[in-house]
Amino acid sequence: MDLPPAMRENAGMSCKSSSAGANRSAADLPHLWLPYTQMQTAPFPVEAIRTSGSRITLSDGRELVDGVAAWWTACHGYSHPHIQQALVRQASDMPHVMFGGMVHEPARRLAARLAELLPGDLERTFFTDSGSVAMEVAVKMAVQYHINRGTHGRTKMLSFRGGYHGDTLGMMSICDPEEGMHSLFAGVLPRQILADLPVDDDSTARLEALMDAEGHTVAAIVTEPLVQGAGGMLFHSPDVLQRLRRICDRYGILLILDEIFTGFGRTGTMFACEQAEIVPDIIALSKALTGGTMALAATVARRGVFEAFLSTETGKALMHGPTFMANPLACAVANASLDLFEQEPRLEQVARISAQLQRELEPCRGLPGVKDVRVLGAIGVVELENIADPDVLRRAFVNQGTWIRPFRNIVYLTPAFTISEEDLSLLTASIVTVLRNNA
């Protein structure tokens, strides 16, 4: 796949303007501590000053096409005017107020709309401000659900290899310990139960045998539906979710779905669990909830889960309450994001992106070192045998005028749903070019 003229021009300009900082490392950046970064050896980061649509403008004048939508959040693109208008209106009225003993219209409206959108009787929303904390609350709900019902000993979570649910201490305990980021904390973390996803008859039988042996200690099964994101963009079929739903029902435990990444259209339906036609007991949402504009997350429970907390005993209440819970500014922005899903053809755009990704990433399959190419909804993945130095590829993508962040052994795209065909082609062309040149 040849680069279009505009991309060739971008690439040349990028090489020239980045040469001055070539010998600097992230350690030369004063005061900041960057995520997932060995700052002693990582290159000095680029600096963003403006965003619009699927474009990021850097301080040196370069413009990059964003292939990852700000860690999968900016589903409507950056700086959408409808979201910006909602932000300004709410900021002028009431940017924040405590949610303890007080409610407000943006949160009431958002919770009602989520209940309408989600399947089944997922109807009670507990707001937090990050995906990790939303999952912490889901786990806390699950354990206390059993305690409140008088069932003791169900304190463990069963999660799956390849899974990732956040970086807080509790969530690290249910991530795949071989995933790499959390291995240093193995002696500190609570011991949970790890299994293989039931993707076929053999793995299903192993999971059922594990449940026969240890199911009495399990409060909930936790998984990411259809896509295990940070674990390597690993896909599985809707049948897996149906098996998990049946197992949870059989053993009297809850099913928690982590839709932090997959929620709000990313896999081709509004929520990934819709493709399996199942209803989880608890679902966690964040990332695209506000269209990538504000920090907000939601843990939504089914009616029966919520009812287990209703009592004359104060001790049976859910004792949790983040300071910025249900921040009015964030709730107003989330409502504006949901307006856009109603008013603009987001799922049709996802279908168009999916078809284009399948077509334009397919040439990667024949490149040396490429293990697999796969697409689901607005997720495109090129899996390599290995990536010796992700920073080398990241710099190469910037030099092509694109913002693409390889990790583990994958190069992936999760663009905004509003991305133009031309910009998406720039992204796919840059992947083909960079992988061919770095084979």
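Modeller: UniProt positions are given in the numbering used here, and its annotations may be inferred rather than shown by experiment. With that in mind, an unreviewed UniProt entry lists Trp71, Tyr164, Lys287, Gly321 and Arg405 under "binding site". These residues are spread over 335 residues of sequence and also in space, with up to 34.0 Å between C-alpha atoms. The model itself is predicted.

Colleague: Why is Tyr164 called buried?

Modeller: Buried means under 20% relative accessible area, and Tyr164 has 16% relative accessibility, so Tyr164 counts as buried. Tyr164 sits in the loop between strand E5 (156–160) and helix H6 (169–172).

Colleague: What makes the pairing of the side chains of Tyr164 and Asp167 a polar contact?

Modeller: A polar contact needs a pair of N or O atoms within 3.5 Å, one able to donate a hydrogen and the other to accept it. The side chains of Tyr164 and Asp167 make such a contact at 2.7 Å.

Colleague: Why is Trp71 called partly exposed?

Modeller: The term covers values in between the 20% limit for buried and the 50% limit for exposed; Trp71 has a relative accessible area of 47%, and therefore is partly exposed. Trp71 belongs to helix H2 (residues 69–72) and, leaving aside neighbours within four places in sequence, is in contact with Pro35, Tyr36, Lys287 and Tyr412.

Colleague: How do you know whether Gln228 is buried or exposed?

Modeller: Gln228 has a relative accessible area of 4%, and because buried means under 20%, Gln228 is buried. Gln228 lies in strand E8 (residues 227–228), and its side chain reaches the backbone oxygen of Arg161 at 3.1 Å.

Colleague: What caps the N-terminal end of H12?

Modeller: Asp389 does, with a side-chain oxygen 3.0 Å from the backbone nitrogen of Asp391. Within H12 (residues 390–399), the buried residues include Leu393, Arg394 and Phe397, and the helix is followed by Gly401, whose phi is positive, near 85°.

Colleague: How far does the predictor's confidence extend, and where is the pLDDT below 50?

Modeller: The protein averages a pLDDT of 94, and 94% of the residues score at least 70. Over residues 1–20, however, the pLDDT is below 50, although this stretch has 31 contacts in the model beyond near neighbours in sequence. Where pLDDT is low, the predicted coordinates should not be read in detail.

Methods. Residues are numbered from 1 along each chain as its sequence is written. This is a predicted model: local features need pLDDT of at least 70, side-chain atom pairs count only at pLDDT 80 or more; totals for chains, interfaces and linings use all residues. Side-chain values use heavy atoms; hydrogens and water are left out. Buried means under 20% relative accessible area, exposed over 50%, partly exposed in between (1.4 Å probe, protein chains only). Helices (H or I, at least four residues) and strands (E, at least two) are DSSP runs, numbered from the N terminus. pLDDT is the predictor's confidence in each residue, from 0 to 100. Contact means heavy atoms within 4.5 Å.
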